[in-house]
Every structure is written in C-alpha cells, then in structure tokens.
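Student: I have a protein model open and want to learn how to read it. Can we go through it step by step?

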Amino acid sequence: MPSKKLQTTVHLFTDGACSGNPGPGGWGCILRHLPTGKEKELSGSEPQTTNNRMELMAVIQGLRQLNRPCGVLVVSDSQYVLNGLEKWMKGWKSKGWRLSDGKPVKNQDLWMELDELKSRHSLTFQYVHGHAGHEENERCDQMAVEAYQKFKN
C-alpha cells in the first residue's frame with residue numbers, strides 16, 4: 001500500500017452529467033501533473049445511466065490513467081463521491097458492501113473498483129460548488145454534456 005506521505009503530484013478534476021436520471025449520461029475529467037502543469041482531458045458516456053454513476057466514473061477513469069502510485073488531489077462537485085470516499089466506504093466494506101439497514105450499496109460495482117484504485121494512491125479531496133464558475137469543474141461538466149449528446153438524437 002502506498003505511503004500516506006506521498007507528495008501530491010496530480011490534481012484530478014471530475015464531473016458527471018445526466019439528461020434525465022436515469023438517462024443518457026457522460027463524465028469528464030482533467031488530470032494535471034504537478035509541477036509541470038501538463039494536462040490530459042478525458043470523457044466518455046453511457047446511453048442509460050444515472051448522475052451518480054457518471055460522477056463515480058469520472059474519478060475511476062482519471063485514476064485508471066495513473067501508472068504508478070502518487071498523491072492525488074480529487075476535486076469534485078459531488079458530495080456523494082467525496083463522502084463515499086472519505087466517510088462511508090470503510091463502513092460499507094466492513095458490512096460486506098451493505099448499508100446499515102442491510103440493503104446493498106447502490107453502484108457497488110463502481111465503488112468496489114474505486115476502492116481498489118484508491119488503494120494504489122494517496123488521495124486527498126476538495127469539494128467545489130458545481131456551476132459556480134470553477135474553471136476546471138465547468139470544463140469537466142462541458143465535456144460530460146458533450147459526451148452524452150450523441151445519445152440525444
């Protein structure tokens with residue numbers, strides 16, 4: 001397991017969007033390497049999904065791009081994703097991916113993949129308000145919307 005003292009070397013900006021919930025959805029992310037400032041933008045879509053799944057997919061796809069352990073600052077407007085990563089996931093795992101009422105965790109497949117990816121890196125988190133002028137969050141939202149537009153014809 002990577003050391004929790006890894007220096008932050010990547011900023012991962014993410015967003016997901018859905019037209020209807022469920023409906024066509026997209027995700028977008030920007031990876032920024034520090035200190036070089038080099039960036040990579042990624043996006044994708046699904047014809048029938050939910051906003052929460054697209055928010056999760058943005059983080060997953062960004063982390064999949066990292067080929068070695070590093071410190072990652074995850075910047076998201078999704079409290080669902082950030083609370084899941086910071087607060088809820090440990091309890092879900094200890095209960096066999098079940099909620100306190102015994103029901104299965106929604107989006108368990110994605111949470112399990114995110115848990116595995118998370119174990120490779122040292123993650124920190126920053127919440128930003130969506131649609132509030134945060135440059136990278138606005139760009140990720142734009143990419144997510146553009147990604148699902150192909151299903152709107």
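Tutor: We will go from the overall fold to single residues.

Tutor: This is a predicted model, where local features need pLDDT of at least 70, side-chain atom pairs count only at pLDDT 80 or more, and totals for chains, interfaces and linings use all residues. Residues are numbered from 1 along each chain as its sequence is written, and side-chain values use heavy atoms, with hydrogens and water left out.

Student: How many helices and strands are in the protein?

Tutor: Start with the rule. Helices (H or I, at least four residues) and strands (E, at least two) are DSSP runs, numbered from the N terminus. Here there are 4 helices and 5 strands. From the N terminus on, they run β-β-β-α-β-α-α-β-α.

Student: What radius of gyration does the protein have?

Tutor: The radius is taken over C-alpha atoms, and the globule rule is 2.2 Å times the number of residues to the power 0.38. For 153 residues, a compact globule would come out near 15 Å. The protein has 15 Å, so the two agree. The C-alpha trace spans about 45 × 45 × 25 Å along its principal axes.

Student: What share of the residues is buried?

Tutor: Buried means under 20% relative accessible area, exposed over 50%, and partly exposed in between (1.4 Å probe, protein chains only). In the protein, 47% of the 153 residues are buried.

Student: At what angle do helix 2 and helix 3 pack?

Tutor: Axes are lines fitted to C-alpha atoms, for helices over the stretch in contact, and angles run from 0 to 180 degrees between N-to-C directions. Under 35 degrees counts as roughly parallel, over 145 as roughly antiparallel, 65 to 115 as roughly perpendicular and the rest as oblique. Helix 2 (residues 79–94) and helix 3 (residues 108–118) pack at about 90°, with axes 11 Å apart. Helix 2 is therefore roughly perpendicular to helix 3.

Student: Which residues of helix 2 and helix 3 meet?

Tutor: Contact means heavy atoms within 4.5 Å. From helix 2, the residues include Trp92 and Lys93. From helix 3 come Trp111, Leu114, Asp115 and Lys118.

Student: How do I read a pair of aromatic rings?

Tutor: Such a pair is described by the distance of the centres and the angle of the planes. Rings of Phe, Tyr and Trp (its six-membered ring) pair if their centres lie within 6.5 Å; planes under 30 degrees apart count as stacked, over 60 as edge-to-face and the rest as tilted. This rule gives 3 aromatic pairs. One joins tryptophan 88 and tryptophan 92: the centres are 5.8 Å apart and the planes lie at 45°, so the pair is tilted. These two are 4 residues apart in helix 2, about one helical turn.

Student: Is tryptophan 92 buried or exposed?

Tutor: Tryptophan 92 is buried, at 10% relative accessibility. Tryptophan 88 is partly exposed, at 35%. Tryptophan 92 also pairs with tryptophan 111, edge-to-face, with 5.1 Å centre to centre and 70° between the planes. That pair links distant parts of the chain, 19 residues apart. Tryptophan 111 is buried, at 0%. Tyr80, Trp88, Trp92 and Trp111 form one aromatic cluster.

Student: Where does glycine 28 lie?

Tutor: Glycine 28 lies in strand 2 (residues 23–33). Glycine 28 is buried, at 0% relative accessibility.
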